[in-house]
Amino acid sequence: MAVGREDVEIIKPRTDKREYRRIVLRNSLQVLLISDPDTDKCAASMNVGVGSFSDPVGLEGLAHFLEHMLFYASEKYPLEDSYSKYITEHGGSTNAFTASEQTNYYFDVNTDCFEEALDRFAQFFIKPLMSADATMREIKAVDSENQKNLLSDSWRMNQLQKHLSLESHPFHKFSTGNWDTLDVRPKAKGVDTRQELLKFYEDKYSANLMHLVVYSKESLDKIQSLVEDKFQEILNSDKSRFRFPGQPCTSEHLQILVRAVPIKQGHKLRIVWPITPSILRYKEGPCRYLGHLIGHEGEGSLFYVLKTLGWATGLSAGEGEWSLEFSFFKVVIELTDAGHDHMQDIVGLLFKYIPLLQQSGVCKWIFDELSAVCETGFHYQDKTRPIGYVVNIASNMQTYPPKDWLVGSSLPSDFNPDTIQMILNELSPENVRIFWESKKFEGLTDKFEPWYSTAYSIEKVSPSMIQEWMSLAPNEKLHLPAPNVFIPTDLSIKNAEEKVKFPILLRKSSYSKLWYKPDTVFSTPKAYVKIDFNCPHASNSPEAEVLADIFARLLMDYLNEYAYYAQVAGLHYGIGHTDSGFEVTLLGYNDKLRILLETVIDKIANFEVKPDRFSVIKEMVIKDYQNFKFQQPYQQAMYYCSLILEDHTWPWMEQLEVLPRLSVEDLAKFAPLLLSRAFLECYIAGNIEREEAESMIQHVEDAFFNGPNPICQPLFPSQHLTNRVVKLERGMNYVYLKEGLNPSDENSALVHYIQVHRDDFILNVKLQLFALIAKQPAFHQLRSVEQLGYITVLMQRNDSGIRGVQFIIQSTVKGPGHIDLRVEAFLKMFESKLYEMTNDEFKSNVNALIDMKLEKHKNLREESRFYWREIIDGTLKFDRREAEVAALRQITQQELIEFFNENVKVGATRKKTLSVRVYGNQHMAEYNPEKNEPVQQNTTQIDDIFSFRRSQPLYGSFKGGFGHMKL
């Protein structure tokens with residue numbers, strides 16, 4: 001029974017129909033109950049007030065390791081991995097994360113099996129089993145997780161900042177853990193890691209340090225009795241909250257300039273100051289105010305000036321890692337090569353902008369504007385998936401009073417210039433830490449960070465040096481932003497005359513098609529606009545592909561200082577390069593959307609190449625292509641898989657080869673050619689009336705196709721582009737072997753892809769049912785038992801309507817050839833599981849999949865993406881979910897077994913497999929022998945992707961008749 005039910009008023013959005021209740025169980029566990037009768041998923045999140053800061057000395061990563069171990073088994077449910085199995089089989093997902101002062105466990109699941117799922121979840125915190133055998137195996141998973149991070153710049157730089165702090169402060173620690181910290185070193189000292197794990201759990205995990213959020217469709221009273229029943233057995237040892245007083249940085253860690261060598265190409269400047277945590281004054285929002293101004297991108301801002309000088313391509317500012325005791329304010333600037341050469345000028349300009357804020361004083365109108373944007377954002381926030389919602393709230397519960405559990409720091413409302421001024425004063429040269437990353441420092445550093453081996457050097461930078469940099473910095477006109485004209489004033493909901501369930505084809509011409517879906521579900525003052533420019537000249541060579549990419553990026557670059565205001569006000573836009581041209585997306589409040597759309601269209605129609613911006617964007621694109629080789633090996637394997645399957649795609653190596661030679665003149669010639677022939681596929685949804693939607697697209701057509709000298713002509717029937725996919729031969733196994741692109745990466749990877757069919761409701765649901773039933777057993781066998789690698793996934797694949805399933809595994813333990821054999825061994829083992837499945841188990845899986853399919857879209861973006869995928873693939877099956885549910889209701893267990901035997905079973909005569917193997921440096925010795933071993937029967941080794949692609953038949957495209965219609 002609950003100790004108390006406290007009817008505190010929890011501030012919630014005006015549009016939120018859910019009910020909330022705070023209760024405290026007799027073991028002092030604080031709980032927030034959320035009742036949402038409309039939900040299709042239930043969810044829960046437990047936030048434990050213990051994190052990696054509590055790791056014992058010499059057992060780095062123990063808190064994170066414990067987070068892994070709680071998933072294995074419990075006294076009540078002793079079967080290993082049965083919790084994850086139950087969640088997966090009932091349409092859910094589960095995960096956890098360890099932060100410095102908290103560990104969060106969470107799951108979601110179909111509504112009809114929430115009670116048992118919650119009971120299994122509660123056992124994590126009541127009586128978990130951590131068997132000796134599982135403990136040893138799971139250290140390998142933690143080690144594999146760390147291996148995947150070793151060559152990631154964000155992990156490396158984060159740890160370097162920790163390394164350069166007070167050794168006695170927990171901020172200094174390495175938090176992930178690895179084989180060395182959890183096995184080798186403890187053993188050498190005679191320490192038993194499992195005993196320490198059990199002790200850590202008993203000493204630190206106490207109900208009074210936990211916060212639980214439970215989200216269900218039941219009434220609050222029903223959820224309350226469920227929670228009381230399941231969670232009151234959690235032990236309360238009445239622990240005080242773990243506090244870590246003191247500052248991580250002393251004077252020796254301030255006034256420093258650190259040069260560090262990253263893995264990837266590109267230069268970055270991180271300017272960091274320790275500050276008073278703004279959480280202590282969260283209603284006053286000091287860091288939000290300062291981050292808004294220092295990180296602004298409009299005219300007169302620091303970024304605008306750096307961009308105009310050709311020195312920066314990105315800038316962000318705001319509070320970084322924080323606790324109740326300490327915090328950091330960070331400014332991160334992405335530099336161009338020229339910017340790298342002007343580091344001192346850039347730091348000087350930043351330190352000139354800060355006094356400008358001092359002199360201008362704290363502006364009430366800016367605070368009020370920001371406050372209004374935040375308030376509108378809070379009250380009109382989109383409904384999101386329950387799983388993300390509960391995690392966010394459970395984390396908030398550890399820090400904020402109950403009335404602000406939903407709000408957190410998102411509503412600055414109390415204007416206090418003194419607080420803002422106090423933080424501003426802390427952003428001083430006396431207090432600064434500058435981290436400067438560049439490949440150009442290779443060979444010029446003299447130190448290594450111990451956990452990731454990041455090369456760095458360190459020197460003192462005095463306030464007088466920064467004063468000198470300020471005096472030498474260029475005299476640019478820095479000023480505060482203008483009032484934001486994009487803040488929405490009309491938030492009224494328009495009446496959709498037609499209660500349409502699916503998008504309708506509103507208008508079509510030889511120039512465009514407009515699909516329209518008025519909002520009949522979400523009742524928010526928002527809209528979604530997508531315009532896909534299908535341009536045949538965009539992708540007929542590697543050069544064209546790269547120029548189309550630069551064209552789209554330049555447009556974003558030109559619009560930035562204007563459209564940045566729209567983004568601040570909650571109206572987002574994007575112009576992105578696609579396989580067949582480029583697309584424009586707008587999403588947000590509909591009030592000022594038309595103004596932004598017309599500006600974007602005008603910029604495209606009147607495109608010109610500015611030489612200074614061209615060279616900056618070209619440099620960025622070159623670095624992006626060069627950095628391809630630093631992708632995770634599993635990402636490389638997935639890339640090769642796509643390159644093999646998708647006809648008419650150009651390899652990144654060829655694009656990188658042509659890039660350096662491309663000039664301003666090349667783009668100036670290409671842009672009019674790109675736009676000379678186009679067909680526009682358009683989708684408009686949300687709080688927009690039919691006439692408005694038609695008039696928007698009429699405006700776009702007028703800009704491109706009408707007038708005395710039209711920029712665009714309609715496409716010829718022969719010019720409509722389609723994405724076609726290679727049709728693998730039945731009964732064949734195709735193998736592609738490739739060395740990893742980064743010789744320092746120890747990870748190898750395998751993508752084992754099984755191609756099955758062209759979009760068809762009955763076959764789709766059989767494939768989906770197989771994937772649902774096999775997903776958890778694959779994870780259990782290949783990761784938990786065999787410990788092949790942290791990344792072990794079985795998932796479906798859909799290439800333009802061509803369906804299949806793929807295993808994705810990344811490993812330092814075994815080479816990809818061996819992993820391929822283990823996947824086949826798993827499929828043989830799974831076969832017997834499928835035959836032995838009871839009728840009840842089969843029905844339960846079918847019902848779980850039906851529930852997943854009937855899950856409603858949460859918001860306009862989610863709905864629009866679903867329908868846009870149908871439009872862009874050409875499948876146009878807007879009623880897909882209903883049709884697939886109808887097919888599922890008819891399916892029998894025997895039909896599923898027959899489907900498996902024909903398409904998936906090892907050795908099946910119709911089976912089509914493609915194995916892509918990427919070899920890391922641990923397994924390079926296996927590469928040549930495996931490449932040269934005699935090919936088995938029914939196996940083809942792909943040596944040249946393009947010869948292979950040319951020799952294979954293609955599936956028909958769903959867009960076969962697209963575009964050319966009788967008018």
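Colleague: What makes the charged end of Arg758 count as sitting over the ring of Phe958?

Modeller: A charge sits over a ring if NZ of Lys or CZ of Arg is within 6 Å of the ring centre and within 35 degrees of the ring normal. The charged end of Arg758 is 3.9 Å from the centre of the Phe958 ring, and Lys877 lies over the face of Phe761 at 5.1 Å from the ring centre. Please note that this is a predicted model, in which local features need pLDDT of at least 70 and side-chain atom pairs count only at pLDDT 80 or more, while totals for chains, interfaces and linings use all residues. Residues are numbered from 1 along each chain as its sequence is written, and side-chain values use heavy atoms, with hydrogens and water left out.

Colleague: Why is the pair of Phe866 and Tyr867 called edge-to-face?

Modeller: Rings of Phe, Tyr and Trp (its six-membered ring) pair if their centres lie within 6.5 Å; planes under 30 degrees apart count as stacked, over 60 as edge-to-face and the rest as tilted. The centres of Phe866 and Tyr867 are 5.4 Å apart and their planes stand at 75°, so the pair is edge-to-face. The structure holds 51 aromatic pairs.

Colleague: How do you know that Lys76 and Asp119 form a salt bridge?

Modeller: The term requires a side-chain nitrogen of Lys or Arg within 4 Å of a carboxyl oxygen of Asp or Glu. In this pair the closest N and O atoms are 2.6 Å apart. Lys76 lies in the loop between β5 (73-74) and α2 (82-89) and Asp119 in helix α3 (residues 114-122), so the bridge ties together parts that are 43 residues apart in sequence. Helices (H or I, at least four residues) and strands (E, at least two) are DSSP runs, numbered from the N terminus.

Colleague: Why is Asp119 counted as buried, and what is Lys76 counted as?

Modeller: Buried means under 20% relative accessible area, exposed over 50%, and partly exposed in between (1.4 Å probe, protein chains only). Asp119 has 7% relative accessibility and therefore counts as buried. Lys76, at 48%, counts as partly exposed.

Colleague: Which class does Lys501 fall into, and what is its salt-bridge partner?

Modeller: Lys501 has 54% relative accessibility, so Lys501 counts as exposed. Its partner is Glu882, with the closest N and O atoms 3.3 Å apart. Glu882 has a relative accessible area of 35% and is therefore partly exposed.
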